[in-house]
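Please keep the sequence and the model in view while reading.

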Amino acid sequence: MSGMAVFLSASVPAKHSGFENARLDLNVDEAVITLARTIFAEGGKLVFGGHPSISPLVLTIASEYVVTSDVEAPLAFIYQSQIFREIIPKKTLVLEEMGYGRIVWTAAAEGEQLSRDEKTGRWLAPRSLERMRRAMISHTTPAAFVAIGGMEGVEQEADIFRELRPNAPVFAIESTGGASARLAETRQYVRAIDRSVADAISAHGWDVDRRPAALYPVVMEQLVAEIVRESQ
């Protein structure tokens, strides 16, 4: 992949969000870890919006590759709106200081105040987030988009990515549930790549429904191969 950037849009759906499914939480983590390892091992980089659980996870994986990778560090670019500066996890800041990733700050939308959803506990700043998402895609021109789990924000990022990068592939790991499963069903431009791999495996009589995460190494290798092929 030689320095190629891939846009990651991921989160474990929050309680009471309408997207949650506790059975799939492990799949989200497994998918993010496997994707990061595959991308970094192939010389690529990840670009994503700051998230309290996803950011430290990806940066921890980057720490395994930053010394051995042929790609110049950082391996991960985390975009974060200034409106969230006071609540960013300390672990993310420490890992950035160690050189495993870089936080790219974007300006908050004029006049917007950070608020919190009382039902889900999520911090809300929709205009600042949209500004950040558009900057993230415009600045880094990712070769592809990968959705893992997620909620409304993942759907919004997929649509913005499609608008700004109409010829780049959009993938969803459907077995991680949440917005990724809905994207695979509602957007014709989205490829449920784990579904196609599972179908191929099932054709040989193997039951993959009970633990789809076992297929993620194969899924991510196929995903990288498709990204490289389409970028040539």
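At what angle do helix H1 and helix H8 pack, and how far apart are their axes?

## The H1 and H8 pair

Helix H1 (residues 25-41) packs on helix H8 (residues 216-231) at about 45°, and the two axes are 9 Å apart. Axes here are lines fitted to C-alpha atoms, for helices over the stretch in contact, with angles from 0 to 180 degrees between N-to-C directions. Helices (H or I, at least four residues) and strands (E, at least two) are DSSP runs numbered from the N terminus. H1 and H8 are therefore oblique to each other; angles under 35 degrees count as roughly parallel, over 145 as roughly antiparallel, 65 to 115 as roughly perpendicular and the rest as oblique. Their crossing is right-handed, a term for a near helix turned clockwise from the far one by less than a right angle, with anticlockwise giving left-handed.

On the H1 side, the contact is made by Asn27, Glu30, Ala31, Thr34, Leu35, Thr38 and Ile39, and on the H8 side by Tyr216, Pro217, Met220, Glu221, Leu223 and Val224. Contact means heavy atoms within 4.5 Å. By type, the residues of this contact are 8 nonpolar, 3 polar and 2 charged. Ala, Val, Leu, Ile, Met, Phe, Trp, Tyr, Cys and Pro count as nonpolar, Asp, Glu, Lys and Arg as charged, and the others, Gly among them, as polar.

Threonine 38, a residue of H1, is buried, with a relative accessible area of 8%. Buried means under 20% relative accessible area, exposed over 50%, and partly exposed in between (1.4 Å probe, protein chains only). Leaving aside residues up to four places away in sequence, threonine 38 touches Met220, Glu221 and Val224.

## Basis of the model

This is a predicted model, in which local features need pLDDT of at least 70 and side-chain atom pairs count only at pLDDT 80 or more, while totals for chains, interfaces and linings use all residues. Residues are numbered from 1 along each chain as its sequence is written, and side-chain values use heavy atoms, with hydrogens and water left out.

## The chain as a whole

The chain has 8 helices and 9 strands. Its radius of gyration is 17 Å, close to the 17 Å that the globule rule gives for 232 residues, so the chain is as compact as a globular protein of that length. The radius is taken over C-alpha atoms, and the rule is 2.2 Å times the number of residues to the power 0.38. Along the principal axes, the C-alpha atoms fill a box of roughly 55 × 40 × 30 Å.

Of the 232 residues, 53% are buried. Among contacts with a separation of 6 or more, 72% join residues 24 or more positions apart.

In helix H6 (residues 178-186), the buried residues are Gly178, Ala179, Ser180, Ala181, Leu183 and Ala184. They pack against strands E7 (144-149), E8 (170-173) and E9 (190-192), and against helices H5 (152-164) and H7 (193-202).

Serine 175 sits in the loop between E8 and H6 and is buried, at 16% relative accessible area. From serine 175 to alanine 144 the distance is 19 Å, C-alpha to C-alpha, across 31 residues of sequence.

## Positive phi values

Most residues other than glycine have a negative phi. Serine 2 has a positive phi near 50°. Serine 2 lies in the segment before strand E1 (5-11) and is exposed, with a relative accessible area of 72%.

Threonine 141 has a positive phi near 40°. Threonine 141 is in the loop between helix H4 (126-140) and E7, and at 44% relative accessibility it counts as partly exposed.
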